[in-house]
Amino acid sequence: MPDEAGRAPSEPAVGDPKHAVRATRSAGRKMRSLLLDAASPLFRERGLSGTAITDIAAAADAFPSQITYYFRTKEALFVECACRDLLYLGRATEQAALKARTPREYTNALAETVTASDSVAFFAEALTLTRRRQDLAPLVERTIERLHSEGARAYASQVARHGWRSLRAPDESSRRFWAVAIGIILEGYAMGRSPDELCSELLRVLGEQAKSAGDTARLRLVGESDASGNSNEEG
């Protein structure tokens with residue numbers, strides 16, 4: 001059992017000051033991660049009000065005081081859990097889309113992955129919480145910006161890898177996808193839709209948006225003639 005500063009029993013408290021600082025920081029990062037790992041499933045299952053700090057501490061084999069030491073409040077821990085889970089979901093969607101050979105396959109892989117998780121709904125609860133706790137808003141803002149930037153990087157990499165040509169910038173494509181996905185998922189949860197229904201609706205809306213934008217929203221393989229019937233809509 002670590003002490004209240006997050007140090008493991010075997011870690012020396014004396015010796016080289018620089019080594020001690022590095023060891024303390026490493027132990028602190030590890031303890032934060034353990035607390036987040038323990039809290040996330042509890043928050044998902046029970047919600048914020050139904051989860052006690054003592055429950056989280058017990059699940060992490062830690063002390064309640066360590067939670068307040070690292071996160072200050074249960075609300076701050078809740079928001080950080082939701083933000084981390086959303087970024088994990090973003091990474092999972094990127095991994096799922098790596099095998100895509102066409103823009104349509106790429107979009108389908110993203111949609112299937114994002115609608116199969118409850119991470120977006122979890123994050124939405126954090127968004128609601130920050131309306132009353134503006135001190136937690138910067139973390140949410142950084143999370144959204146990182147989600148968009150990593151999505152844009154992944155999309156740009158696929159465009160370059162397969163030779164797709166897009167008239168829409170990767171950043172715009174990423175922001176459009178996540179804006180639509182979050183809206184569809186939140187609406188779907190409110191209406192009791194299944195993951196398959198959410199996925200179908202997300203693909204439908206993305207397809208309609210691509211059509212409404214006209215030819216400028218279409219992706220074609222580099223060198224593909226305008227007369228070809230094998231062009232793919234943008235993912």
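**View 1. Helices α6 and α7 are oblique to each other.** In this predicted model, helix α6, which covers residues 119-130, packs with helix α7, which covers residues 137-162, at an angle of about 140°, and the two axes lie 9 Å apart. Angles over 145 degrees would count as roughly antiparallel, and the pair at about 140° is therefore described as oblique. The crossing in which α6 passes α7 is left-handed. Where the two helices meet, F123, L127 and T130 come from α6, while A137, V140, T143 and I144 come from α7.

View 2. A82 and F43 are separated by 39 residues in sequence, yet from C-alpha to C-alpha they are 9.0 Å apart in space.

**View 3. Helix α5 spans residues 103-115 and carries a series of buried residues.** From its first C-alpha to its last, this helix of 13 residues reaches 18 Å, which is close to the 18 Å expected at 1.5 Å a residue. The buried residues of α5 are P103, Y106, T107, A109, L110, A111, V114 and T115. For Y106, leaving aside its neighbours within four places in sequence, the contacts are with A97, A100, A154, Y155, Q158 and W164.

**View 4. The largest nonpolar core of the protein contains 54 residues.** The residues with the most contacts inside this core are L35, F43, L77, Y106, V114, F177 and L202. Helix α4, residues 74-96, gives the core its largest share, which amounts to 10 residues. In soluble globular proteins, nonpolar side chains tend to be buried together.

**View 5. The whole protein, shown for orientation, has nine helices and three strands.** Read from the N terminus on, its elements follow the order α-α-α-α-α-α-α-β-α-α-β-β. The protein has 235 residues, of which 43% count as buried. Among the contacts between residues at least 6 apart in sequence, 68% join residues that are at least 24 apart.

Terms used: Residues numbered from 1 in each chain as written. Predicted model: local features only at pLDDT ≥ 70, side-chain atom pairs only at ≥ 80, totals over all residues. Heavy atoms only, no water. Helix = DSSP H or I, 4+ residues; strand = E, 2+ residues; numbered from the N terminus. Expected span 1.5 Å × (residues − 1). Buried < 20%, exposed > 50% of the residue type's maximum accessible area, 1.4 Å probe, protein only. Core = buried A, V, L, I, M, F, W, Y, C linked by side-chain atoms within 4.5 Å. Contact = heavy atoms within 4.5 Å. Axes fitted to C-alpha atoms, helices over the stretch in contact; angles between N-to-C directions. Parallel < 35°, antiparallel > 145°, perpendicular 65-115°, else oblique. Left-handed = near helix turned anticlockwise from the far one by under 90°.
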